[in-house]
Amino acid sequence: LENNIAQCLWDAKPLGVEAVGNISGEALDLWGHSHNIYFSRPTVIEIQLQAKILVNNNLSDNDINKIKNSLANFAMKNFTLGSKVYSSQFYPILLAQNLIVDVLQLTVTDKATNKTPSQEIKPEEIIYLPFNNIAIEWVS
């Protein structure tokens, strides 16, 4: 895997730009010469989301899974390296669901600390919200 990443970096980087990091892989130039290319992987900050929602009708497990999938997919598409996370970013995703009337409570926490995620997300850090870290409680 490291060599594949190194080759992609070698193929894409402009001449004269040095690749840096704490991981290395081997890349081949056009003449077949080997080069060590250095890079780093992002630090993943895993978060949890707990939501209490108001609905008109009872929700099935399938309904809850659809809601959880929409939240996890939103996070995957929108949280890039260095992106900050705010609870308010998830309200439109929840309220776009036809079954949900209102969001009564929404909490986002860092899984490691169980506290609100730091607003000082470094450029080499990325927020990650897995499906299993989403808890939905509903009332009608």
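Here are some questions and answers about this structure, which is a predicted model.

Q: Why is Asn 73 called partly exposed?
A: Asn 73 has a relative accessible area of 36%. Buried means under 20% and exposed means over 50%, so with its 36% Asn 73 counts as partly exposed.

Q: Where does Asn 73 sit?
A: You'll find Asn 73 in helix 2, which covers residues 61-78. Its C-alpha atom is 17 Å from that of Leu 106, a residue 33 positions away along the chain.

Q: What makes strand 3 and strand 6 a pair?
A: Use the cut-off of at least two bridges again. Six bridges join strand 3 to strand 6 (residues 134-139), so this is a pair too, and the two run parallel. Ile 53 is the residue opposite Trp 138 in strand 6.

Q: How do you know that strand 3 pairs with strand 5?
A: Count the bridges: four of them join strand 3 (residues 43-55) to strand 5, and the cut-off is at least two, so they pair. These strands run parallel. Look for Glu 46, which stands opposite Tyr 128 in strand 5.

Q: Which residues of strand 5 are on the covered face, and which on the uncovered one?
A: In strand 5 (residues 125-128), Glu 125 and Ile 127 make up the covered face, while Ile 126 and Tyr 128 are on the uncovered face. Why the every-other-residue pattern? In a regular strand, side chains alternate between the two faces of the sheet.

Q: How does the radius of gyration of the chain compare with that of a compact globule?
A: The chain has 20 Å, whereas a compact globule of 140 residues would be near 14 Å. The C-alpha atoms fill a box of roughly 65 × 30 × 20 Å along the principal axes.

Q: How much of the chain is buried?
A: Buried residues are 31% of the 140 in the chain. Each of them falls under the 20% cut-off for relative accessible area.

Definitions and conventions: Residues numbered from 1 in each chain as written. Predicted model: local features only at pLDDT ≥ 70, side-chain atom pairs only at ≥ 80, totals over all residues. Heavy atoms only, no water. Buried < 20%, exposed > 50% of the residue type's maximum accessible area, 1.4 Å probe, protein only. Helix = DSSP H or I, 4+ residues; strand = E, 2+ residues; numbered from the N terminus. Rg over C-alpha atoms; globule rule 2.2 N^0.38 Å.
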